[in-house]
Amino acid sequence: MELMKKKLKISIKNDAPVTIAFAVISIILFYVDILLCHGRMATALLSTPTNSSGPNPFVASDIFSYLKIFFYVFGAEDISLLLCNLIFLLLLGATLEDYYGSPLILICYIITTVFSGVLNALLCYGSVQGCSCLIMMTIFLSAFMSVSKNKAPVSSFFVLVIYIVREFMQKNANGIVGMFIVLIAGLCGALVAFILAPLVSANAKKNNRGLLNKAEKVREEKKPLFKKEKESTTIIRKKDDDYDDGPSDDDTTVVGTLQF
């Protein structure tokens, strides 16, 4: 019974706090908009601003115009589209957070969101909802992660093609321009993570974080113990040698008697 209890022990690990928090916030805002705001939040907050000729133009004096640039990624037209986007993001984001670290992925999410929102506000006539730019960033970044390991990521290429086809089938509100904005924003965020990753890993090594650094620390702690053992053995051997080579009182007496 004790062995069964030990085997059944399962530890819950939050392996992707940023991505999971994003998914939870998106679902909460979606249902708050449907049940309490009756769809008004989508227009007021959860969609990108448009250019001056669009129906939802960016206004420099309106605080909601700035908030839309950050919050449109939490929006979605319907629950099926929201869940599909979150599945993509959770599958890719968890791996990337484990590899690059949650703080760096959070920075890349923010950069990608703002970059795409600003481009939509400058160039596009229609408002956009959803995290397509973040999914594109994770696809590019997973491909870069495989390339850094000297591998050709065929699966990432297929995921990229399938997702682009899916976006075309859903008919982006801004057409080809909107698709290029999603691609450019995703590529920009992925490049930021790929460039900053060596700095983050160097900082982690400096602060003694990570499994490899712990292993190195344990190895360094064991080295002095081995040296002390060697020193102690050599001391003992020297004493033995001195004892064997050094003449005792009895030996000198016998030698003197033989010479006499």
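**Helix packing, aromatic pairs and selected residues**

His 38 lies in the loop between α2 and α3 (40-44). The model is predicted, so local features need pLDDT of at least 70 and side-chain atom pairs count only at pLDDT 80 or more, while totals for chains, interfaces and linings use all residues. Residues are numbered from 1 along each chain as its sequence is written, and side-chain values use heavy atoms, with hydrogens and water left out.

The backbone of His 38 stands out. Most residues other than glycine have a negative phi. His 38 is not a glycine, yet its phi is positive, at about 55°. Its relative accessibility is 60%, so His 38 counts as exposed. Here buried means under 20% relative accessible area, exposed means over 50%, and partly exposed lies in between (1.4 Å probe, protein chains only).

The protein chain contains eleven helices and zero strands. Its elements run α-α-α-α-α-α-α-α-α-α-α from the N terminus on. Helices (H or I, at least four residues) and strands (E, at least two) are DSSP runs, numbered from the N terminus. Of the 260 residues of the protein chain, 35% count as buried. Contact means heavy atoms within 4.5 Å. Among contacts between residues at least 6 apart in sequence, 75% join residues at least 24 apart.

Helix packing was examined for α2. Two packed helices are described by the angle between their axes and the distance between the axes. Axes are lines fitted to C-alpha atoms, for helices over the stretch in contact, and angles run from 0 to 180 degrees between N-to-C directions. Helix α2 (residues 17-35) and helix α5 (residues 79-100) have axes that come within 8 Å and cross at roughly 165°. The two helices, α2 and α5, are therefore roughly antiparallel to each other. Angles under 35 degrees count as roughly parallel, over 145 as roughly antiparallel, 65 to 115 as roughly perpendicular and the rest as oblique. The crossing of α2 and α5 is right-handed. A crossing is right-handed if the near helix is turned clockwise from the far one by less than a right angle, and left-handed if anticlockwise. On the α2 side, the contact is made by Pro 17, Val 18, Thr 19, Ile 20, Phe 22, Ala 23, Ser 26, Ile 27, Phe 30 and Tyr 31. On the α5 side, Ile 79, Leu 82, Leu 86, Leu 89, Leu 90, Gly 93 and Glu 97 take part. The residues of this contact divide into 13 nonpolar, three polar and one charged. Ala, Val, Leu, Ile, Met, Phe, Trp, Tyr, Cys and Pro count as nonpolar, Asp, Glu, Lys and Arg as charged, and the others, Gly among them, as polar.

Helix α2 also packs with helix α6 (residues 102-123), at an angle of about 45° and with the axes 8 Å apart. Helices α2 and α6 are therefore oblique to each other. Pro 17, Val 18 and Thr 19 of α2 meet Ser 102, Leu 106 and Tyr 109 of α6. By class, the contact of α2 with α6 has four nonpolar, two polar and no charged residues.

Val 32 is also found in helix α2. With a relative accessible area of 26%, Val 32 is partly exposed. Leaving aside neighbours within four places in sequence, Val 32 is in contact with Cys 37 and Met 41.

Thr 43 is in helix α3 and is exposed, with a relative accessible area of 53%. Beyond neighbours within four places in sequence, Thr 43 contacts Asn 56 and Lys 68. The C-alpha atoms of Thr 43 and Asn 56 are separated by 8.3 Å, and the two residues are 13 apart along the chain. Thr 50 is found in the loop between α3 and α4 (63-71). Thr 50 counts as buried, at 0% relative accessibility. Leaving aside neighbours within four places in sequence, its contacts include Pro 55, Asn 56, Phe 58, Cys 124 and Tyr 125.

Rings of Phe, Tyr and Trp (its six-membered ring) pair if their centres lie within 6.5 Å; planes under 30 degrees apart count as stacked, over 60 as edge-to-face and the rest as tilted. By this rule the count comes to eight aromatic pairs. The rings of Phe 58 and Tyr 66 have centres 5.1 Å apart and planes at 80°, so this pair is edge-to-face. Phe 58 is partly exposed at 32% relative accessibility, and Tyr 66 is partly exposed at 39%. The rings of Phe 144 and Phe 194 have centres 5.5 Å apart and planes at 50°, so this pair is tilted. It links distant parts of the chain: Phe 144 in helix α7 (residues 132-148) and Phe 194 in helix α9 (residues 175-206), 50 residues apart. Phe 22, Phe 71 and Phe 74 form one aromatic cluster.
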